[in-house]
Amino acid sequence: MINWAANDMCQNNHKLQWVKKHIQNCAQCGPVDTMCRYGCVQCNLYYCVKCRQPPVMGDICGGGHELKYVPTLKYHSCDVCRGSISGGAYRCQECDYDVCEKCWIVKED
Ligand SMILES: [Zn+2]
Ligand SMILES: [Zn+2]
Ligand SMILES: [Zn+2]
Ligand SMILES: [Zn+2]
């Protein structure tokens with residue numbers, strides 16, 4: 001199941017914020033070395049992208065910006081799987097948020 005974080009709360013009931021941060025410790029699963037996209041700045045609690053997955057469906061990033069498909073996005077890594085992107089990806093330039101084609105889920109009507 002996909003753990004949508006959009007309306008999620010931290011342990012102290014603050015709404016999680018859309019951030020970009022490299023974390024060494026996930027508030028839920030412990031020591032990690034990965035990116036965080038959702039966290040509570042007030043409590044200094046940050047969650048890895050596995051525990052609080054960024055949006056991989058639809059066409060907006062967690063910050064509410066439109067994602068654009070870039071056919072050749074080089075020197076970037078996917079914010080979901082952390083794999084390096086060689087082909088196309090969906091990107092929000094403002095947040096520096098990239099989702100590779102493998103992680104992207106096509107929205108079904
Ligand atoms: Zn985690
Ligand atoms: Zn909090
Ligand atoms: Zn990916
Ligand atoms: Zn954005």
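1. Helices (H or I, at least four residues) and strands (E, at least two) are DSSP runs, numbered from the N terminus. On the other strand, Lys68 stands opposite Arg91 of β5.

2. Before going on: this is a predicted model, where local features need pLDDT of at least 70 and side-chain atom pairs count only at pLDDT 80 or more, while totals for chains, interfaces and linings use all residues. Residues are numbered from 1 along each chain as its sequence is written, and chains are lettered from A and ligands numbered from 1 in the order in which they are written.

3. Now the pairing, which requires that DSSP finds at least two bridges between two strands. Strand β5 (residues 89-92) pairs with β6 (residues 97-100) in the antiparallel sense over 4 bridges. β4 (residues 68-70) and β5 are also antiparallel, over 3 bridges. Between β5 and β6 lie 4 residues, forming a hairpin, and Asp96 in the turn has a positive phi of about 55 degrees.

4. From β5, Ala89 and Arg91 point one way, Tyr90 and Cys92 the other, and all are buried (20 or more other C-beta atoms within 10 Å of the residue's own, with C-beta atoms placed from the backbone).

5. Finally, the domains, with bounds from an automatic or database assignment: domain 1 covers 1-53 and domain 2 covers 55-109.

Key:
A residue is buried if 20 or more other C-beta atoms lie within 10 Å of its own, exposed if 12 or fewer, and partly exposed in between; C-beta atoms are placed from the backbone.
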